[in-house]
Amino acid sequence: MIEQGAFIAIAAVTLIAACAVVVARTVFVSALWLVLSFVGIAGLYIMAGAYFLGVVQVLVYVGAISVLILFAVMLTRNVMAEESPFNRETVISFMVVGSLFGVLAIAGYTADWPLTHGAVTPANGLAVPAGTDLGASAALAVAAGAMPAADPGAATMPGTVAMLGRSLMSEHLLAFEVMSIILLVALVGAIVIARD
Amino acid sequence: MSESWVFVAVFALIALSIPLIGLLMAFALRPKRSGPIKNSTYECGLETIGETWIQFKVQYYLFALVFVLFDVETVFLYPWAVAYNHLPLFALVEMFVFLFILGVGLVYAWRKGALEWV
Amino acid sequence: MTDAWVVLQASGLRESLAGLLSRLPEGAIAPTVELLMAVLKATAIVLVIQLGMLYSTWLERKFIARIQDRVGPNRIGLFGLGVPFADMVKILTKEDITPTAAHRWVYNLGAVLVVPPALLGFAVIAFDRHLIAADLSVGILFFFAVASTSVIPIFMAGWGSRNKYALIGAMRAVAQIVSYEIPQVLSLVGVLLLAGTLGVNELIASQGPLGDGGFPGVWFVFLQPIAFIIFLIATSAEIERTPFDIPDAESEIIAGYHTEYSGIKFGMFYLALYFATIAAAAIGAILFLGGWQPPFAFLAFVPGWAWMTGKTVLLVLVFMWLRGTLPRLRADQLMAFAWKILVPLTLVNLLLTGLIGKLLYAAEQPPLVVFAAFTVSNAVLLGLLLWLIAWWRERDGAPAVRFDAPLAPSGRTA
């Protein structure tokens, strides 16, 4: 019951903030509302049991990307200007946005999302001792019999972050290394553009 | 949940209310005699010169950008460090490659003057 | 002994609360009890930290005064102990001058929102083995994530004031905070490699002797002294204390991003600064000085919270010592120091620690060998740090300072 209420509250904050981004009259204030929606999303991650991801969301999005966005906003010439956020192309924009939303919603609803049990089994080499909090969705998976329950006799004590580290280094190693190349490319590209 | 994130939420609300309580107390206690000169923007006691916008230096943006990149790198470093004792020696090499590539980025930014403060 | 006492108290409280609420419908009792416990814990923490913060302002003024060979406040109360309360009264009763041009919401919210990030970090600080409000599995990262959100209110304050100088001050402050955040979080990776966890109590436990032991069994400061130094430097810069207080300095850009704030709203920035200092000292004590662990097992009769308080106060004094002794860094020196010296150093530290960890610890060499290896690697790092600083000074063109030569007419020493 409380979980439901909390979810509704956090989701409401996120959505209202997202709408406010579009409706605000000053660019800076739009950016601030965006930051609030980032915080809301972090709250949603935490409710889903992805604690590391939620904390990373705050660290990277609120702490770093928001700063980048705010600095970029400062680049706009008339920082204090107030302008109406509405223009006249209402029908076309509604059609475009509506169809995009429809596609995303249908895809999200009907897709077969893999559950967390893929990374949590003892077969992975990391035994999960009793009491490790795996989050609500994993608990559901255990209850549904899709995932073996925690082994109370397990000796190792890893936890989700360690599992993440391990899978980064083994199954997803290529993605991990490519990530660094992507970051490098982003850095070089931004510097090249900014220097002009 | 066995983790006390509920406490975090409660604590956040209470932490938010502390400044509000302070503001309320001050509102009750302070004098309220405002005037046009008091309320004008402060510029070393002189009148405001020019519009209130500043020449933006791209340096700020570049610092924030390099920061974002290294922040993301940190996000990858933390799980690696936590899982380190369970990983084979090769994991060190893998991380070395990762850091080397980003190190190249840092050196590039350095040489191109992105890290200079104007 | 103390641990058992604390746990007993808490469970007794829970039962009495449940008893009080027995009139509520069955399903609502447990969550309400939890909520009330959370509120009580939060209030207790806030009160204790608030008191600590008030007296840290007193400590700062007295300590820095003594460093500067003067006495400090001694009029109000014995030894000036009433000064924090006098300060509070002053701040509450000052007139609030809001510039007409300011953007009301952003201006006011900026002042209000500086405090929560500084305060929220205390949720994961362990004052004793069982006195940790929220032992999250990602506790350490939570602390730094919350701390990193403090840049947003600064930006809001600068922009919302509609004052050129406030805006410039805010952008400079944000650039500084952001630049030093990387060395700060990277310096911890070495500690994480040794501890193998992000959870606060586990991290403290791995620093032995009262903990579960594990590899190091010693405080991490002995294995990662350079990381500790880098952490202290980076954290000083994060909370904008001298020698990193360019955005704040009175002789520089007036008062930077809080120029247009008076009375209680200014007080909020002040509050946030001291909360952040104490929080930073506490997390430093947890990460490097063993938290609530005593240095030797035979000293275990002294309660954990006493050790924790002592270590936190020690680090707070170190921050104040730095403030009272070192001159301010120039803005460009500031950035160069962070990116060109500290960041490479932390990366090298991380790799060396990883190397020693795998080659020696995993191969189960005796602790003395591992310890010696760490000493060697830290010596290497120290050498690297000194060399980098010397190289940078030379590049910077800093004139050689000679105190014996008379000043040349141009005002420069020879």
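Let's start where chains B and C meet: 55 residues of chain B are in contact with 68 residues of chain C, and contact here says that two C-beta atoms, placed from the backbone, lie within 7 Å. Please keep in mind that this is a predicted model, where local features need pLDDT of at least 70, side-chain atom pairs count only at pLDDT 80 or more, and totals for chains, interfaces and linings use all residues. Residues are numbered from 1 along each chain as its sequence is written, while chains are lettered from A and ligands numbered from 1 in the order in which they are written.

On the chain B side, the elements giving two or more residues are helix H1 (5-29), helix H2 (58-83) and helix H3 (90-111). Helices are DSSP runs of H or I with at least four residues, strands are runs of E with at least two, and both are numbered from the N terminus. H1(B) brings the largest share, 17 residues. By class, that side holds 39 nonpolar, 10 polar and 6 charged residues. Nonpolar covers Ala, Val, Leu, Ile, Met, Phe, Trp, Tyr, Cys and Pro, charged covers Asp, Glu, Lys and Arg, and the others, Gly among them, are polar.

Now, chain C itself. It splits into domain 1 (2-82) and domain 2 (94-396), with bounds from an automatic or database domain assignment. Between them, 17 residues of domain 1 are in contact with 20 residues of domain 2. H2(C) gives the most to the domain 1 side, with 12 residues.

And chain A, friends? Its secondary structure comes to 8 helices and 0 strands.
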